[in-house]
Amino acid sequence: MYQSPIVIERALTQNGELQLQKRGKDFEIIFNGTFLMATYNGESEKLLVQWAVERADSPKTILIAGLGVGFSLAEAQKYKTIDKITVVEIEQKIIEWNKRYLSTFSEGALIQPKVDVVHGDFIEWVNTVHQKYDVICLDIDNGPDWVVLENNNELYSSRGICNLLKIMSKGGAVSFWSASKSRSFEALLRKYFNGVCVKEVAHQSGKPDYIYLAFSPK
């Protein structure tokens, strides 16, 4: 039976309006009236991390761009060989909601000592970092062909990929979450990486999610 959502909190940010609502046992986050994310099924968010970790050589550090509802972070902390996990999230409210309402979905990872949550715009933040990361996972917006914020197009551009390469360790891997398949983005990745995989993840909605995995830079 269809259940109407219960609005828990609305917040006006510099990027627009965020809304946290609950539908049954699940939470949903709405941005400027558009569905952004939910806790229904975190399979693709977990595989975003899993597949990148498996492809990287001796991974010890993970960078996650986009906290979401915490599924990717929960997956990252399962690896005992990982020494440091850095998460960059543009919206302070998303961080607050993860701590207050969504901690179950990240399995309490936000309070773990090896986890560092940074409030900031990843596009700006990436230009200030000098550390190298073995695994980089991007779960920002809806993917290369369907962005909610226009500025996020840079993440899927030549400039964005070059910025990631600057902070990626030799032998590292990078993954991108997408709600749709993008042949143009796959072609762009192949210009910079010898290894590129596009993996389809089934979703209960009937429309699959996609993971773009890139490794072995040229």
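User: Why are β1 and β2 called paired strands?

Analyst: Pairing takes at least two bridges. In this predicted model, seven bridges join β1 to β2 (residues 16-23), so the two strands pair. They run antiparallel. One of the bridges links Leu12 to Glu17 in β2.

User: What makes β1 an edge strand?

Analyst: β1 (6-13) pairs on one side only. β4 (34-38) does too, and is also an edge strand. The order is β1-β2-β3-β4, in an open sheet with antiparallel pairing. Neighbouring strands are turned by 25 degrees against each other on average, direction ignored.

User: How do you know that helix α3 touches the sheet?

Analyst: Contact means heavy atoms within 4.5 Å. Helix α3 (residues 92-100) touches β1, β2 and β3 (26-31). The direction of α3 makes about 20 degrees with that of β2.

User: What makes a set of residues a nonpolar core?

Analyst: The residues must be buried, nonpolar types such as Val, Leu and Ile, joined through side-chain atoms within 4.5 Å. Buried means under 20% relative accessible area. The largest such core has 41 residues. Ile29, Val49, Ile62, Leu73 and Ile85 have the most contacts inside it. Helix α1 (residues 43-55) gives the largest share, six residues. Apart from this core lies another, of 29 residues, including Ile136 and Phe185.

User: Which residues does Leu73 contact, leaving aside its neighbours within four places in sequence?

Analyst: Leu73 is in contact with Ile64, Leu67, Ile85, Val87, Ser106, Ala109, Leu110 and Val115.

Note on methods:
Residues are numbered from 1 along each chain as its sequence is written. This is a predicted model: local features need pLDDT of at least 70, side-chain atom pairs count only at pLDDT 80 or more; totals for chains, interfaces and linings use all residues. Side-chain values use heavy atoms; hydrogens and water are left out. Buried means under 20% relative accessible area, exposed over 50%, partly exposed in between (1.4 Å probe, protein chains only). Helices (H or I, at least four residues) and strands (E, at least two) are DSSP runs, numbered from the N terminus. Axes are lines fitted to C-alpha atoms, for helices over the stretch in contact, and angles run from 0 to 180 degrees between N-to-C directions.
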